[in-house]
Amino acid sequence: MRAMVIEAIGGPLIAVERPLPLPLAGEIRIRIEACAICRTDLHVIDGDLPQPKLPLIPGHEIVGIVEAVGDNVDRAKIGRRVGVPWLGHTCGTCSYCRSNAENLCDDPLFTGYTRDGGFATHAVADAGYAFDLDPAAAPVSLAPLLCAGLIGWRSLKRAGDGRLIGIYGFGAAAHIIAQLCIWQGRKVYAFTRPDDATARRFALDLGVTWAGGSDEPAPEPLDAAIIFAPVGSLVPAALKAVRKGGRVVCGGIHMSDIPAMPYAVLWGERELVSVANLTRQDAREFFSAAKEAGVSTHTTVYRLEDANLALADLRAGNVSGAAVLVP
């Protein structure tokens, strides 16, 4: 198999050849059709997230075909198209797993972080964390749903049922969740980098009510706001944008430090919450909703061997929608 591997934090990905991995009990081997690139991949590669497995094959938005299974896995899975997300395994025994909060598991494994991921031609995954996908859909279009979509969905659930939703950082997750919000009859306000006219046009083309820079005030008080950009200074800005009783959801796994702010910014029963990982129930809900809503993903495709270029483009903000690697 071919793979792009990081051997040292901050270093480039290196193209390698490896033997095909063998699935162990409870695992499957997937022939990868597409793997989207997430900002979390940058956080892993740049060392923002501690103690990754090294050497490591990054990538956690995997779409592919099951071609082999380990013991205790139904052989009928062979030939199916599946998707593998960030949360790749949970212990099943800790208090969180036993209380339907497996996203907070005390002993998890994360795809493309603590176990090898999808910047490759093949990958091994826990069969319990591989979700059946539409066999008729284009693999590239499905790949961003495996993290941008899933984390966006969990963030939207945490935001509540408010009608006026602000989204800070209009990239892969935002362009998916904006479509779901509009389908649900909500109004979306998109906040982009102040100089990013391209992102604002993209958001407006998707049907958002308003798009402006993150340094601009919201046109009206918001019921909730979701922050996808990993920028801590957006937290007080979002809190100022929501009405009394409103909620701000931090949707990323990593964010720069939140600056000191007056208590008055939080006062008025405003809430600040974070989202961590996903549950399998989130996936079942999201894939059903995305299909019903007719969600389409906007993608830029790169060859597997061009993974370093794709990461550089993502880091520079030069990707509209989601970047996707294809072996």
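**Entry 1: a ring cluster**

I began with the aromatic rings and found that ring pairs join Phe 131, Trp 153, Phe 286 and Phe 287 into a cluster. I note here that the model is a predicted one.

**Entry 2: counting ring pairs**

I then searched the whole structure. How many aromatic pairs does it hold? The search returned 10 aromatic pairs.

I picked out Trp 86 and Tyr 113. Their ring centres are 5.6 Å apart and their planes lie at 10°, so I logged this pair as stacked. Planes under 30 degrees apart count as stacked.

Trp 86 has 4% relative accessibility, so I count Trp 86 as buried. Tyr 113 has a relative accessible area of 9% and is buried as well. The cut-off for buried is under 20%.

**Entry 3: back to Phe 131 and Phe 287**

I returned to this pair for its geometry. The ring centres of Phe 131 and Phe 287 are 6.2 Å apart, and the planes meet at 55°, so the pair is tilted. Phe 131 belongs to strand β9 (residues 131-132), while Phe 287 belongs to helix α8 (residues 280-293). The pair therefore ties together parts 156 residues apart in sequence.

**Entry 4: the largest pocket**

The largest pocket has a volume of about 1,100 Å³. Its lining has 50 residues. Which of them lie nearest the centre? They are Arg 39, Gly 171, Phe 228, Ala 229 and Pro 230.

Several elements each give at least two lining residues, among them β3 (27-37), α1 (39-46), α4 (172-183) and β17 (322-326). I sorted the lining of the largest pocket by class: 29 nonpolar, 16 polar and five charged residues.

**Entry 5: the second largest pocket**

The second largest pocket has a volume of about 290 Å³. I listed 14 lining residues, with Asp 134, Leu 142, Leu 145, Phe 287 and Lys 291 closest to the centre.

By class, I noted seven nonpolar, four polar and three charged residues in the lining of the second largest pocket.

Definitions and conventions: Residues are numbered from 1 along each chain as its sequence is written. This is a predicted model: local features need pLDDT of at least 70, side-chain atom pairs count only at pLDDT 80 or more; totals for chains, interfaces and linings use all residues. Side-chain values use heavy atoms; hydrogens and water are left out. Rings of Phe, Tyr and Trp (its six-membered ring) pair if their centres lie within 6.5 Å; planes under 30 degrees apart count as stacked, over 60 as edge-to-face and the rest as tilted. Buried means under 20% relative accessible area, exposed over 50%, partly exposed in between (1.4 Å probe, protein chains only). Helices (H or I, at least four residues) and strands (E, at least two) are DSSP runs, numbered from the N terminus. On a 1 Å grid over the protein atoms alone, a cavity is a set of points where a 1.4 Å probe fits but cannot get out, and a pocket is an open set with protein on both sides within 12 Å along at least five of seven lines; lining residues have an atom within 4 Å of a point. Grid points are joined across faces, edges and corners, and a volume is the space filled by probe spheres set on the points. Ala, Val, Leu, Ile, Met, Phe, Trp, Tyr, Cys and Pro count as nonpolar, Asp, Glu, Lys and Arg as charged, and the others, Gly among them, as polar.
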